[in-house]
Amino acid sequence: MLFLLLIQEPAQLSLDLRAPGVAVSPYLYGHMTEEINYSYDGGLYAELIRNRAFLDDRNKPAHWSPVEAGSTVTLERAGMSAARPVALKVTGGTTNDGYWGIPIRPATTYSLSVWAKAETAGPLRASLESVDGKTIFAEAVINGVGADWKNHTVKLKTAKGLKPTKDARFALRSGPGKTFMLSQVSLFPPTYRNRPNGNRPDLMKLLSDMKPKFLRFPGGNYLEGNTPADRFPWKETLGPIETRPGHRGTWGYRSSDGMGLLEFLLWCEETNAKPLLGVYAGYALNGEYTKAGPELEPFVQEALDEIEYIVGGPETKWGARRIADGHPKPFDLEWVEVGNEDGFDKSGSYESRFVQFYDAIKKKYPKMQVISSTGGKDFLGAKFPITQRRPDLWDEHYYTESWDMMGMATKYDTYDRKGPKVFVGEWAAHDTVAPWQAGPNAGPTPNMKCTIADAAFMTGMERNSDIVEMACYAPLLVNVNPGGRQWSLNLIGYDALESFGSPSYYAQTLFAQNLGNRTVELKLSGVPTQRKGTQTLPGIFASATRDTKSGALYLKVVNALPGSQSIDIDLQGANLQPDGTWTYLTGYLKDMNSIAEPLKVAPITRKLTGLGSKFQQRVPGYSVNVFKLQTKR
Ligand code: AHR
């Protein structure tokens, strides 16, 4: 075997910089998000109190407990408003266990907001404490709780030098026998850029580092709802959090809607991504649909109102509402997707529903790019179903086994260029079991085997970026606690305290950070093949782009073979600077990152020197490699 490796001939990779290549879409890589795997509540949305409005379970005060023997907590249908119909009646004191713990960090200020009332309770003592209540990490007193519902805010500060822990709970005590009522309790740690009602800084950093060009929201299934009544209720997600009723999500738990329409847009702003809005299109996951025509009109209007909220001026009803909500500047919305995965709608209603949405949107916003959600030209073997209107893009989804995903690296080389442009709005390679079947026994994030396949697929999207305009992996986020995940493969994992990027996260970050504005034609030859049964695939995949302004040349090479491989690289027509960088990821196929080993597979960067227009480079077995070279201008 060793002998065979030694005599392994180098593969040949030639790049032709004289050929013009094709323009690379400036929006190739973005993010897709929805409320799944506790992505927002218990995830990116920084709220620490679980079941803050007591609506998660009708029968019991889920996640709220009596603070000690003799204390009691009960649900009462006596909340302060229609959005807060339920109150928690507490005698003595209560605790909240957070989303699998509460993150305690040293020298940190937590902002507590409590809607409470009491006839005679006296002061309430709020604390962050160990789960047995024996260690107090921070505390504050709330005075002035009276007979009427009122909002009380206090800060809780932890000391310097404290050891970070998530083994903590929140407690609110009135003293033995003293009763008080709560209608909402909210606790925030410092957020990204200190935005009130904002996001977790560690996760926002991981997301921003990917340089996403767009954010597809709010789903996914979460947009559609299990029934039409469960669709994403964007109007009810606006305004102060105590006015948001929340709603039933599609992944087995209720959403607080703290991550509302405006918060999605602020998330875009904070990661420099443009919004890509999915609008409910009259089809829910249970198959219920609304026929095109007058019955569909309210939903079309709902979508137009939503767009107006995002882009409208002060003279418009919904633009004025956005301004009142604190964001005078319209957001730069360029894409609206009509529904989600409407290829699953077997009623045949999508085409006419699409036409009605398309016409209404284009009439008011002629430049808006309208996306069909049917899944592209070959979704489930269906023919391109839109004949009456041509969508600007169509959204294709691929949750594909790793081998097949590597096979898809050439999918777009021969793709029909006459149809709409492609938006790969959800994609991910999986190992042996499909992510919707594997549940908690797989993942929660991709291993190196998936990463190799993901990267191979990305080389194909990059080479064909004239047709593939946009792409986003899904799902993006997962709370790794048992019970926290509904989908087994997700890009970024976290618990209450820590977070990590998967190997595929790093591969995607490298691809997005190293992208030019034109493709460079390339030829690979002499590449060893890999076999599965009777099938063969190349062992190496590649793509190259260059930046015509800076002269930077980005070469990506994915080695799907177990052994390292030498490659003779021939840069035809290039006048190369002698120095460059080589960044790579490598590991065993089963290697994954985790809370315990967040950087087990992480990029390694090496300087390259003495480069000429021809050079030889050896890449490790099972590796994703990005070369940043510089041509002389
Ligand atoms: O990403 C998980 C789910 O997969 C999405 O909600 C849905 O669009 C797709 O079927």
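**Close-up views of a predicted model**

**View 1. The largest nonpolar core.** Of its 121 residues, those that touch the most other members are Trp 267, Phe 357, Tyr 412, Val 424 and Trp 427. A nonpolar core is here a set of buried Ala, Val, Leu, Ile, Met, Phe, Trp, Tyr and Cys residues joined through side-chain atoms within 4.5 Å; buried means under 20% relative accessible area, exposed over 50%, and partly exposed in between (1.4 Å probe, protein chains only). With nine residues, helix H10 (residues 448–463) gives the most to this core. The core lies between domain 1 (11–21 + 517–630) and domain 2 (31–46 + 192–513), because both give residues to it; the domain bounds come from an automatic or database domain assignment. Helices (H or I, at least four residues) and strands (E, at least two) are DSSP runs, numbered from the N terminus.

The model is predicted: local features need pLDDT of at least 70 and side-chain atom pairs count only at pLDDT 80 or more, whereas totals for chains, interfaces and linings use all residues. Residues are numbered from 1 along each chain as its sequence is written, and side-chain values use heavy atoms, with hydrogens and water left out.

**View 2. The surroundings of the ligand.** Glu 34, Gly 220, Asn 221, Trp 251, Asn 340, Glu 341, Tyr 399, Glu 426, Pro 475 and Trp 487 surround the ligand, each with a heavy atom within 4 Å of it. By class, this shell has four nonpolar, three polar and three charged residues; Ala, Val, Leu, Ile, Met, Phe, Trp, Tyr, Cys and Pro count as nonpolar, Asp, Glu, Lys and Arg as charged, and the others, Gly among them, as polar.

View 3. An N or O atom in the side chain of Tyr 399 is 2.7 Å from a ligand oxygen atom. Asn 221 places a backbone N or O atom 2.9 Å from an oxygen atom of the ligand, and a polar side-chain atom of Asn 340 lies 3.0 Å from a ligand oxygen atom. The protein buries 93% of the 280 Å² that the ligand exposes when taken alone (Shrake-Rupley method, 1.4 Å probe).

**View 4. Two buried glycines.** Gly 425, in strand S20 (residues 421–430), is buried at a relative accessible area of 0%. Its C-alpha is 8.9 Å from that of Ser 373, 52 residues apart in sequence. Gly 312 occupies the loop between helix H5 (297–311) and helix H6 (317–324) and is buried at 5% relative accessibility.

**View 5. Helix H11 (residues 503–513).** Ten of the eleven residues of H11 are buried, among them Tyr 505, Tyr 506, Leu 510 and Phe 511.

Methods
A polar contact is a pair of N or O atoms within 3.5 Å; within protein, one must be able to donate a hydrogen and the other to accept it, and residues adjacent in sequence count only if both atoms are side-chain atoms.
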